[in-house]
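Please keep the structure open while reading.

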Amino acid sequence: MRAASEGLARVCDMPLLCHGIGEPPQMVLSRAESSAQLIRISGDPGRLHPEGGSWLEALADWHRPVLLLVGADPDGGVPGAAAAYTALCRQLGVSLIGLVQVQGSWNATQRKRDGLPWVSWIAPEGHPEREQGLALLAERIRPSRDQEDGQSG
């Protein structure tokens with residue numbers, strides 16, 4: 001997940017901020033700049049924080065778009081957590097961009113069949129499709145220059 005996040009930040013030309021689930025999400029997000037940046041959350045973002053709420057709830061409260069990275073098995077199978085997190089995001093009102101499969105082999109038929117909002121696949125490091133996949137995903141999530149400048153488009 002770390003390598004995928006770093007690669008995505010590199011191709012998006014956006015800063016990558018890393019936070020653990022033990023940090024208070026409301027405080028971290030209140031201090032985060034509103035400019036374009038990626039935030040990587042290490043750990044279970046649905047886990048309740050001792051101060052109350054979870055990272056997913058805070059991301060919903062702050063209207064921060066979320067991209068869920070899902071680790072896959074070598075054969076391309078994905079854990080049930082992908083469906084569970086998708087449902088939790090919907091319940092909490094998270095602005096879910098979609099899911100990205102990290103690692104494993106990509107099987108478009110399987111991904112369509114599971115009915116989840118998949119947007120991309122980041123191939124393993126060294127795979128010939130890795131950079132192209134990162135670039136296509138970056139185009140999808142990178143804010144336009146008009147949005148960065150505060151202009152409507």
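Ser120 counts as buried, because its relative accessibility is 12% (buried is under 20% relative accessible area, exposed over 50%, partly exposed in between, with a 1.4 Å probe and protein chains only). The model is predicted: local features need pLDDT of at least 70, side-chain atom pairs count only at pLDDT 80 or more, and totals for chains, interfaces and linings use all residues. Residues are numbered from 1 along each chain as its sequence is written, and side-chain values use heavy atoms, with hydrogens and water left out.

**Ser120 and the sheet**

- Ser120 belongs to strand β5 (strands are DSSP E runs of at least two residues, helices H or I runs of at least four, both numbered from the N terminus).
- Not counting residues up to four places away in sequence, Ser120 touches Leu99, Val100, Gln101, Trp106, Gly133 and Leu137 (contact means heavy atoms within 4.5 Å).
- Val100 stands opposite Ser120.
- β4 and β5 pair in the parallel sense over four bridges (two strands pair if DSSP finds at least two bridges between them).
- The open sheet has three strands in the order β3-β4-β5, with parallel pairing; β3 and β5 are its edge strands, each pairing on one side only.
- On average, neighbouring strands of this sheet are turned by 25° against each other, direction ignored (axes are lines fitted to C-alpha atoms, for helices over the stretch in contact, and angles run from 0 to 180 degrees between N-to-C directions).
- α6 packs on the sheet and touches β3, β4 and β5, and its direction makes about 145° with that of β5.

**Helix α1**

- Helix α1 spans residues 2–12, and its buried residues include Ala4, Leu8 and Cys12.
- The partners of the buried α1 residues are β1, β2, β3, β4, β5 and α6.

**Nonpolar cores**

- The largest nonpolar core has 16 residues, and Ala82, Val94, Leu99 and Trp118 have the most contacts inside it (such a core is a set of buried Ala, Val, Leu, Ile, Met, Phe, Trp, Tyr and Cys residues joined through side-chain atoms within 4.5 Å).
- α2, α3, β3 and α4 each give two or more residues to this core; α3 supplies the largest share, five residues.
- Apart from this core lies another, of 15 residues, among them Cys12, Val102, Ile122 and Ala138.

**Met27**

- Met27 lies in helix α2 and is partly exposed, with a relative accessible area of 36%.
- The C-alpha atoms of Met27 and Ala58 are separated by 9.4 Å, although the two are 31 residues apart along the chain.
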